[in-house]
Amino acid sequence: MASLNVYSVLVVLFLTCGAVMATKENDQINKENNCETKMGFPCVLEAFTSIFKTGSISNKCCGELFVLGKVCHSALVKRTLENPLFKYVSPATIIAQSIQTWNNCLALIDSPSPSA
């Protein structure tokens, strides 16, 4: 249960942190595209886990990630990395994981669903 609370805190930080620390570019992208409201909380958790931890993302959440869009996805990841809580993570590793998550979703979305 404690890990769920930790994930919840991290996801809230993922969505809301860094207002002061975030670069103007990422803030501008988030505001212009209304990035922080395009994904439901359960899918934000899945995406966050697949990028910052080890996990996978469901087809449903891949769909929400695509609604979010690549520009918002990248801006939110970069903004999260600007938070002091993430000063010990490798930005290059996280950005690579972010790209991998996006590409995995692209493969899921582009693949035809099996017929019954």
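1. A residue is called buried here when its relative accessible area is under 20%, exposed when over 50%, and partly exposed in between (1.4 Å probe, protein chains only). Helices (H or I, at least four residues) and strands (E, at least two) are DSSP runs, numbered from the N terminus.

2. The model is predicted, so local features need pLDDT of at least 70 and side-chain atom pairs count only at pLDDT 80 or more, while totals for chains, interfaces and linings use all residues. Residues are numbered from 1 along each chain as its sequence is written, and side-chain values use heavy atoms, with hydrogens and water left out.

3. The protein chain has six helices and zero strands, in the order α-α-α-α-α-α along the sequence. Of its 116 residues, 40% count as buried. Among contacts (heavy atoms within 4.5 Å) with a separation of 6 or more, 77% are between residues 24 or more positions apart.

4. Helix H5 covers residues 70-81, twelve residues in total. Its span from first C-alpha to last is 17 Å, close to the expected 16 Å; the expected span is 1.5 Å times one less than the number of residues. The buried residues of H5 are Cys72, His73, Ala75, Leu76, Val77, Arg79, Thr80 and Leu81.

5. One salt bridge is counted, by the rule that a side-chain nitrogen of Lys or Arg lies within 4 Å of a carboxyl oxygen of Asp or Glu. The partners are Glu64 and Lys60, with their closest N and O atoms 2.9 Å apart. Both belong to helix H4 (residues 59-68) and are four residues apart, about one turn of the helix. Glu64 is buried, at 19% relative accessible area, whereas Lys60 is exposed, at 58%.

6. The axes of H4 and H6 come within 9 Å and cross at roughly 110°. Axes are lines fitted to C-alpha atoms, for helices over the stretch in contact, and angles run from 0 to 180 degrees between N-to-C directions. H4 is therefore roughly perpendicular to H6, a class that takes in 65 to 115 degrees, with under 35 roughly parallel, over 145 roughly antiparallel and the rest oblique. H4 contributes Asn59, Cys62, Gly63, Leu65 and Phe66 to the contact, and H6 contributes Thr101, Trp102, Cys105, Leu106, Leu108 and Ile109. These residues divide into eight nonpolar, three polar and no charged. Ala, Val, Leu, Ile, Met, Phe, Trp, Tyr, Cys and Pro count as nonpolar, Asp, Glu, Lys and Arg as charged, and the others, Gly among them, as polar.

7. Asn103 lies in H6 (residues 91-110) and is partly exposed, at 36% relative accessible area.
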